[in-house]
Amino acid sequence: MALFVAAANLRPAIAAVSPLVNPIRADLDLSATGVSLLTTVPTLAMGVCAPLAAYAGRRYGLQSGVLIGLVIITLGTAARLLGASTWLQLSSAAIVGAGIAIAQTLLPAVVKTRFAARAGLVTGLYTAGLGLGGAVAAGVSAPLADALGSWPGALASWALLAVAGIALWSAAKGSLALDDVTAPAGPAAQRMPWSSGVAWHITVLSAVNSALYYCELAWWRRCCTMAPVATRGPHRMSC
């Protein structure tokens, strides 16, 4: 359960933005390019800060490393409540991306270390949590913003899920027994694999997969709401 909830925290802070694009653009007076930064910045932060995960895992261990990632996600998500300010929202997005980078990198190491005999099953649970967290955030954020009367409040509300992740991860400390387990250092490489065809194929596949996911996450709702439905007239907008 702790692993599932931890994984569920890795997408809501990004997925919650797309349903709220219109009020965010209106309040912050952003262009389409500007509002796209709210999903681009955390994604870039995930890439830039991913090496920090290896350091945190080796320095503090997997248990504390994942916990650090969840705490950073909580702080960055909660900070969105402080106001409808462009710099604040972008800074919060970057902080969230850093936290996701750490937790997302270390959780698969937890699976391989503690659940090697059931790696397939536990990886499936981890992936399910990852997808479910993003799907629920995308579906619930707009109604939540309407209920609260505040899109910053709706974005910040996902900090509660992160708090639950922190609580469950801390409670599972004894059963996971990760205190003395550090992140694997990996094999030593003599040189960067610039000339490796396999490395380039994996890189391109991962890049295309990520680009499709985050582009759809950022703009699918807006594309849907702009698509006219012929049977209802040219002014009817729907998916």
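Me: What does the accessible surface of the protein come to, and how much of it belongs to carbon and sulfur atoms?

Reply: Bear in mind that this is a predicted model. The computed accessible surface is about 12,500 Å², and carbon and sulfur atoms hold 68% of that.

Me: How many helices and strands are there in the protein?

Reply: Ten helices and zero strands. Reading from the N terminus, the elements go α-α-α-α-α-α-α-α-α-α.

Me: Why does leucine 132 count as partly exposed?

Reply: Buried needs under 20% relative accessible area and exposed needs over 50%. Leucine 132 has 45% relative accessibility, so it counts as partly exposed. It's part of helix α6, residues 119–148.

Me: What makes Leu132, Val136 and Val140 a nonpolar patch?

Reply: Patch members need over 30% relative accessible area and no salt bridge, and nonpolar side chains are joined within 5 Å. Leu132, Val136 and Val140 form such a patch on the surface, and together they have about 210 Å² of accessible area.

Me: How do you know that the span of helix α8 agrees with its 13 residues?

Reply: At 1.5 Å a residue, α8 (residues 159–171) should span 18 Å, and its end C-alpha atoms are 18 Å apart, so the two agree.

Me: Which residues of α8 are buried, and why do we say they line one face of the helix?

Reply: They're Ala159, Ala162, Gly165, Ile166 and Trp169. Looking down the axis of α8, the buried residues fall within an arc of 105 degrees, so they line one face. Turned away from that buried side are the exposed residues Leu160 and Ala171.

Note on methods
Residues are numbered from 1 along each chain as its sequence is written. This is a predicted model: local features need pLDDT of at least 70, side-chain atom pairs count only at pLDDT 80 or more; totals for chains, interfaces and linings use all residues. Side-chain values use heavy atoms; hydrogens and water are left out. Patches are made of residues with over 30% relative accessible area and no salt bridge: like charges are joined within 9 Å, nonpolar side chains (Val, Leu, Ile, Met, Phe, Trp, Tyr) within 5 Å. Accessible areas come from the Shrake-Rupley method with a 1.4 Å probe; for residues, only the protein chains shown count as cover. A salt bridge is a side-chain nitrogen of Lys or Arg within 4 Å of a carboxyl oxygen of Asp or Glu. Helices (H or I, at least four residues) and strands (E, at least two) are DSSP runs, numbered from the N terminus. Buried means under 20% relative accessible area, exposed over 50%, partly exposed in between (1.4 Å probe, protein chains only). The expected span of a helix is 1.5 Å times one less than its number of residues. The arc is that of the directions from the helix axis to the C-beta atoms.
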